[in-house]
Amino acid sequence: MIKFSQHNKTWFTISGLLFAFSIVMIIISIAKYNFHLSVEFTGGTKIEYKVPDNLDKNAVLGVLRQEEADIQKENPKISLGNIVLQKSGQDELIVKMRQIDDDTKTKVSAALTKYNSQIKELAATDISPTVGSRLITTMLIALLVVLAIIILFLAYAFRNIPRSLNPFKFGAAAIFALIHDVVITTGLFCLLGIIMRVEIDPLFLTALLTILGYSVQDTIVVFDRFRENLRFQRRDQTLSDLADISLNQTLARSINTSLTTFITVTALFLLGGASIRYFMLALMFGIIVGTYSSIFIASPILVAWQKQRI
Amino acid sequence: MKKLFWQISGLIILIAAAAAISLPIAADSTLPKISKLWRPLHLGWDLQGGAEITYRADLKKVSPRDRDSVMSGIVGVLEKRINALGVAESNIYKSGDNIVIELPGVADTEEAKARIGKVVELEFKEQGTTYSAEKLKEINQKNKELKDNAQQALGKALEPGADFERVKQEFSDNFSESQFTELDSLPYSQDIKDKLLTMEVGEIYPSVVDNFDQYEVVKILDKKKEQKEETLPEEVKAQHILIAYQESERADPTVTRSKEEAQKRAEEVLQKTKSGADWNSLAKEYTDEAAGKETGGDLGWFKKGQMTKNFEDAVFAMDPGKISDSVVETEFGYHIIKLNEKKAESTEPKTVTSLKLDIIKMEKVPEVPKDGWIETGLSGKQFKKAQVQFDEYGNPQVGINFNTEGAELFAAITKRNLKKPVAIFLDNGLLSAPTVQSEITDGNAVITGDFDYKQASDLARDLNTGAIPAPIYEIASRKVEAALGANSFQRGIQAGLIGLLVLMIYVAIYYRLPGLLADISLLSYALLAIALFKLINVNMSLAGIAGFILSIGMAIDANVLIFERLKEELQAERPLAQAIEIAFQRSWPSIRESNLSTIFTCIVLFFVGGIIRGFAVTLLTGILCSMFAAMIITHVLLKVFLVHSSLGKKPSLYNINRRKPNQQEND
């Protein structure tokens, strides 16, 4: 049997460092890069072009990226962000990108016309966010409701535990692990944003929600085993012993479940195309952090918390 | 055993039906469809593209400083309406002065448009034919502002290098397609038409055109001249002598003779003309038409339709140079007619100029109530809630609860209109005008109309999502491809299938025979979930796929939980059949609790709407299917292949190390 609880300090230190690092990354990202929010959140520029009907969208993307790099040589602050290319009908191309000034617009259009003289700008407008601040507010409120429901539900599900334990602490510990997972994943993406200009887009939000669901699921399974073992607690067994037993009993399950889900997500990461790559990366990372936290964080926190009271 | 047989049969039928509905997954797959039950999977905007609809808001009644907030208000209402449409995930954003909606797929765009673009302006009006002086002043002020706007538009359009279409986008109220119209048929005064005739293509009329109910800035888009055959109708030139009597129409007061006397006198005059007397002197002597005495009763040239019926019939039947055979009676008296000349119907070549105009239109606010109803100030803005209810005959109607302000207004309106009708207008159309029976002070009103249930509930829903603060109209609609490229969904499916295959191999190797059975259960789960996605018309976007992947993870988790338990129970030396039952019993709380917490999360996220809804729907559907697959399908499979077959007697098939000491003594 692996004695996880003997190394609690190590796990807490690792997580604490990761958590602190993530918070720093998040703060830097917000302060310096406005979180690298994507066009969907910030609004941007939409330019429509008349194009020949056999146009290769990837080539157009390449031209735009090249032009972006050229512009950045003069002014490193300008970025086109995630470029969205959509064809309408045979001969119209809609390009959505980060909001750019008129000068940059002219340069971008000129670069495309230079690439193919049949490409002509039809219209350019600034567009508002598709994911408005109201939706984000609603979502944050919804998340608080979700967290409250999880705490209450776990308190209810774990109501039959011995008197000395507080059922609300199960929910709270699960939430703690969840926040740990979400913050660290966000921190990683902020780091990617700082070095590679990876953007925070609506898909990333969805990935965070997925990680949230995954983390809670993982934690509850361990807690459930813990609850079951509490019923057969021997006098010589401490809570730490019970936690270790429960973790060992669920270890194979935790690893197998995570590994199998990880396999599916990795396949999509490798083969699913560029558009979902970062989305899948977020999920992969979330699964690792989620599994780690359900084993090394959630139960130790629960035990440490209960010990203080006893 | 018998029970198990029915369970297996039921499951086989269910899974076969799920496969028939779900395979192949993508509509454009090269694989043949399994059966007629097959349904397409609706893909989201990000995977499939769809319709991009551009709306323009009519902000002429909104003061410039409120425009931003009104635009945001419109976007907010549209968002709510799109959410109310169901599972379709759409994007909505402002693009310059326009509002763009991206609707996934193209299936029921028309229906969606009809729902989204509705103004839903509910107004209560009372009878009246004139506006109060105060209201008139307000209207005049608005129209003056409107004219200033038109002047401004003209100024912008006349700037060198100006783009007329842009100016039109910015100012115009509506965007009808321009067509060639003959100059004569244009609704302008002759002065304007004359000026237009001299202008070249591309020129803009140099001042704002005040065209009855709207101001216009007019540009000539195209001009063509056509030679047309103009048809000239039959015409006659005639003279007449009129003998009136006292009662005949327009008779001179000096005429006192009776009708009989008049007829007799007319017959005499006719005889005299026939006997060759000079027409002009007869006319001078006898006619009762004052003007005709000097001209010999000459009527000049006239066409059909200009004279009274009897007279016309008689004169057009005559031959030129002849005098009528008998006297002709009309309401003016008795006539003797002489037809001098007659022109048959003919055609004549004529040059007709047609113009194609591009017009910036700004509708004026009418100065008199158009239909006898005037505003009361009470509208859909002052209510709390609308709901469908039924009258005593079971006909659906829509009940409205006003807020405090609305309730006070409604009480005042019903008080001053007692026993008079009060009209309810929806989107400027009269819906109904019930007569007020008594003053209503409780702030409740009922909208009756010729509704069926769907119309009533649609109206209630539209009222609840709110009125769009300013009218909007569609200015463009087009199909747009997915941003990710047409093959990305296929590619995603392939990647997902490869992932699933690797996962299944892993499960089979690790758990051996139970693992293989879990693989079957997993495949069944996937078929069930996809069939359900198709049946409930989920719009599968990337977020939806994320939800599905997460539910795959949870489906595996349930199986893994059960098998780990099974291992433990077998290590505790329990008989196989009993171990299976206990494994299911013991793992159920874990499965239930972990999935229930996710189900609650999904329900909350569903109500957030927007991009999150698809995720919530697929995850919820996936979880329900995965619980079914693990607790029922896996269970039945284990019973069939382990308990009721000789396979169960080979422990090597389920990777159990029975020598391993059991560390935990349960029970």
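Let's start where the two chains meet: helix H7 (residues 202-230) of chain A packs against helix H16 (residues 576-608) of chain B, with the axes 8 Å apart and an angle of about 155° between them. Because angles over 145 degrees count as roughly antiparallel, H7(A) is roughly antiparallel to H16(B). The crossing of this pair is right-handed. Bear in mind as you look around that this is a predicted model.

Which residues make this contact? On the H7(A) side they are A:Leu209, A:Gly213, A:Val216, A:Gln217, A:Ile220, A:Val221 and A:Asp224. From H16(B) come B:Pro589, B:Ser590, B:Glu593, B:Ser594, B:Ser597, B:Thr598, B:Thr601 and B:Leu605. Sorted by class, the contact of H7(A) with H16(B) holds six nonpolar, seven polar and two charged residues.

H7(A) itself is worth a moment. Of its 29 residues, 26 are buried, so the helix is mostly covered.

Now step back to the whole interface between the chains. Chain B puts 62 residues into the contact and chain A puts in 61. On the chain B side, at least two residues each are supplied by strand S2 (91-95), strand S19 (472-480), helix H14 (488-535), helix H15 (542-571), H16 and helix H17 (611-643). H14(B) gives the largest share of that side, with 14 residues. By class, the side of chain B that touches chain A has 33 nonpolar, 21 polar and eight charged residues.

Next, follow chain A on its own. Its secondary structure consists of nine helices and four strands, and along the sequence they run in the pattern α-α-β-α-β-β-α-β-α-α-α-α-α. Of the 310 residues in chain A, 48% are buried. Among contacts in chain A with a separation of 6 or more, 77% join residues 24 or more positions apart.

Is A:Lys307 buried or exposed? A:Lys307 counts as exposed, because 11 C-beta neighbours lie inside 10 Å and the cut-off for exposed is 12 or fewer. The C-alpha atoms of A:Lys307 and A:Thr238 are separated by 9.6 Å, although the two residues are 69 residues apart along the chain.

Finally, turn to chain B, whose secondary structure comes to 17 helices and 19 strands. Of its 667 residues, 36% count as buried. In chain B, residues 24 or more positions apart account for 71% of the contacts with a separation of 6 or more. One helix to pick out is H13 (residues 453-465) of chain B, whose 13 residues should span 18 Å at 1.5 Å a residue; its end C-alpha atoms are 18 Å apart, in agreement. Buried residues in H13(B) include B:Ala456, B:Leu459, B:Ala460, B:Asp462, B:Leu463 and B:Thr465.

Notes: Residues are numbered from 1 along each chain as its sequence is written. Chains are lettered from A and ligands numbered from 1 in the order in which they are written. This is a predicted model: local features need pLDDT of at least 70, side-chain atom pairs count only at pLDDT 80 or more; totals for chains, interfaces and linings use all residues. A residue is buried if 20 or more other C-beta atoms lie within 10 Å of its own, exposed if 12 or fewer, and partly exposed in between; C-beta atoms are placed from the backbone. Two residues are in contact if their C-beta atoms, placed from the backbone, lie within 7 Å. Axes are lines fitted to C-alpha atoms, for helices over the stretch in contact, and angles run from 0 to 180 degrees between N-to-C directions. Angles under 35 degrees count as roughly parallel, over 145 as roughly antiparallel, 65 to 115 as roughly perpendicular and the rest as oblique. A crossing is left-handed if the near helix is turned anticlockwise from the far one by less than a right angle, and right-handed if clockwise. Ala, Val, Leu, Ile, Met, Phe, Trp, Tyr, Cys and Pro count as nonpolar, Asp, Glu, Lys and Arg as charged, and the others, Gly among them, as polar. The expected span of a helix is 1.5 Å times one less than its number of residues.
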